[in-house]
Amino acid sequence: MSNLTKVEAKRAIDSAERKISENDYVGAKIFVNKAHNLYLELEGLKQVSVMIDVYISASDKINGRGEADWYGVLGVDPLADDKAMKKQYKKLAVLIHPDKNKFTGATEAFKLVLEAWTLLSDEAKRILYDQKRKSGQVKQKKSGMRQKPPKRKHEPDFSWKKPKHEPESEPDPETDSSSSKYERESTFWTKCNRCNTYCEFGRNSYLNKTIPCPNCRHDFVATEIVLEEINGRRVIRFCKSAYDTSSSSPSASASDSAKAAHARMKGWFEPDPEPKHDHGSSSE
């Protein structure tokens with residue numbers, strides 16, 4: 001390692017001490033980790049690191065009564081026996097005792113370690129502390145288990161809070177009288193290719209499907225036809241030849257069926273346009 005790296009690590013330790021004096025133990029830990037990455041063999045690095053861990057553990061409360069995490073202060077598992085805790089206490093005492101640790105905050109850190117050892121080395125006090133600790137953990141779990149509120153069947157209408165520039169919702173086709181657009185989107189018109197009967201069906205159920213004609217019962221493919229619109233209304237204009245009995249047809253029965261269909265649908269559509277008079281003919 002270069003001397004420059006060692007100097008940078010020393011500056012990080014100085015910043016960590018300043019953070020300890022400000023009670024910013026998390027910030028102090030960041031600078032200690034930086035020094036560790038720069039110069040692992042830096043003198044006093046381990047002492048500062050252990051001291052900061054003691055402060056952080058003491059800041060962690062096991063319940064709402066301000067009880068510190070004394071197991072964390074000693075750095076032992078809650079299931080550790082007395083022999084393991086005593087060994088860990090001696091190790092920390094060597095690293096944190098003010099006679100050997102000259103860093104800022106060593107005295108207070110040693111007092112915390114001593115308090116943790118005094119409580120956990122006493123069997124009765126340790127049992128009582130474990131009970132408080134478990135009770136605090138149960139309360140934390142219950143507070144974290146938040147149930148989702150039940151969905152209300154009828155949500156309140158906040159449409160009056162919408163800004164004026166937002167477009168209004170589409171009208172209900174069942175209550176709005178001007179629902180021609182909705183009907184055009186949900187239905188379509190088709191024509192039987194045998195008897196020329198016009199029919200209206202639901203788009204999703206019958207479009208481009210083979211269905212029986214309601215008039216002649218002949219199966220045909222229900223393809224959509226485009227209707228003429230006059231003054232916003234869709235109309236079907238029948239050609240004159242459809243009513244002309246003298247016009248040729250494939251069979252007499254087909255012609256009769258067509259006439260019957262047109263007679264039934266007479267009231268549905270616009271009447272036939274009147275035939276134009278030939279102005280070239282002589283008047284009577």
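The protein chain has ten helices and six strands. Helices (H or I, at least four residues) and strands (E, at least two) are DSSP runs, numbered from the N terminus. This is a predicted model: local features need pLDDT of at least 70, side-chain atom pairs count only at pLDDT 80 or more, and totals for chains, interfaces and linings use all residues. Residues are numbered from 1 along each chain as its sequence is written, and side-chain values use heavy atoms, with hydrogens and water left out.

**The chain as a whole**

- Of the 284 residues of the protein chain, 30% count as buried. Buried means under 20% relative accessible area, exposed over 50%, and partly exposed in between (1.4 Å probe, protein chains only).
- Take the contacts between residues at least 6 apart in sequence: 53% of them join residues at least 24 apart. Contact means heavy atoms within 4.5 Å.

**Helix H1**

- Helix H1 covers residues 3–21 and has 19 residues. From its first C-alpha to its last, H1 reaches 28 Å, close to the 27 Å expected at 1.5 Å a residue. The expected span of a helix is 1.5 Å times one less than its number of residues.
- The buried residues of H1 are Thr5, Ala9, Ala12, Ile13, Ser15, Ala16, Glu17 and Ile20.
- Helix H2 (25–38) and H3 are included in what covers these buried residues of H1.
- Asparagine 23 follows H1 and has a positive phi, near 65°.

**Helix H2 and valine 32**

- H2 has 14 residues. Its first and last C-alpha are 20 Å apart, close to the 20 Å expected at 1.5 Å a residue.
- Tyr25, Gly27, Ala28, Lys29, Val32 and Ala35 are the buried residues of H2. Their cover includes H1 and H3.
- Valine 32 lies in helix H2. It counts as buried, at 2% relative accessibility.
- Leaving aside neighbours within four places in sequence, valine 32 is in contact with Ala16, Leu45, Val48, Ser49 and Ile52.
- Valine 32 and lysine 10 are 22 residues apart in sequence. In space they are 9.7 Å apart, C-alpha to C-alpha.

**How H1 packs on H2**

- H1 and H2 pack at an angle of about 165°, with their axes 8 Å apart. Axes are lines fitted to C-alpha atoms, for helices over the stretch in contact, and angles run from 0 to 180 degrees between N-to-C directions.
- H1 and H2 are therefore roughly antiparallel to each other. Angles under 35 degrees count as roughly parallel, over 145 as roughly antiparallel, 65 to 115 as roughly perpendicular and the rest as oblique.
- H1 passes H2 in a left-handed crossing. A crossing is left-handed if the near helix is turned anticlockwise from the far one by less than a right angle, and right-handed if clockwise.
- From H1, the contact is made by Thr5, Glu8, Ala9, Ala12, Ile13, Ser15, Ala16, Lys19 and Ile20. From H2 come Tyr25, Gly27, Ala28, Phe31, Val32, Lys34, Ala35 and Leu38.
- The residues of the contact of H1 with H2 divide into eleven nonpolar, three polar and three charged. Ala, Val, Leu, Ile, Met, Phe, Trp, Tyr, Cys and Pro count as nonpolar, Asp, Glu, Lys and Arg as charged, and the others, Gly among them, as polar.

**Helix H3 and its packing on H6**

- Helix H3 (residues 45–59) packs with helix H6 (residues 106–120) at an angle of about 55°. Their axes are 9 Å apart.
- H3 and H6 are therefore oblique to each other. The crossing of H3 past H6 is left-handed.
- In H3, Met51, Val54, Tyr55 and Ala58 meet Ala106, Glu108, Ala109, Leu112 and Val113 in H6. The residues of this contact divide into eight nonpolar, no polar and one charged.
- Serine 57 is placed in helix H3. This serine 57 is buried, with a relative accessible area of 12%.
- Serine 57 touches Asp69, Gly72 and Val73, not counting residues up to four places away in sequence.

**Positive phi in two loops**

- Asparagine 208 is not a glycine, yet it has a positive phi of about 60°. Its place is the loop between helix H9 (203–206) and strand S3 (210–212). Asparagine 208 counts as exposed, at 51% relative accessibility.
- Arginine 217 has a positive phi near 65°, in a residue other than glycine. Arginine 217 sits in the loop between S3 and strand S4 (219–221). At 60% relative accessibility, arginine 217 counts as exposed.
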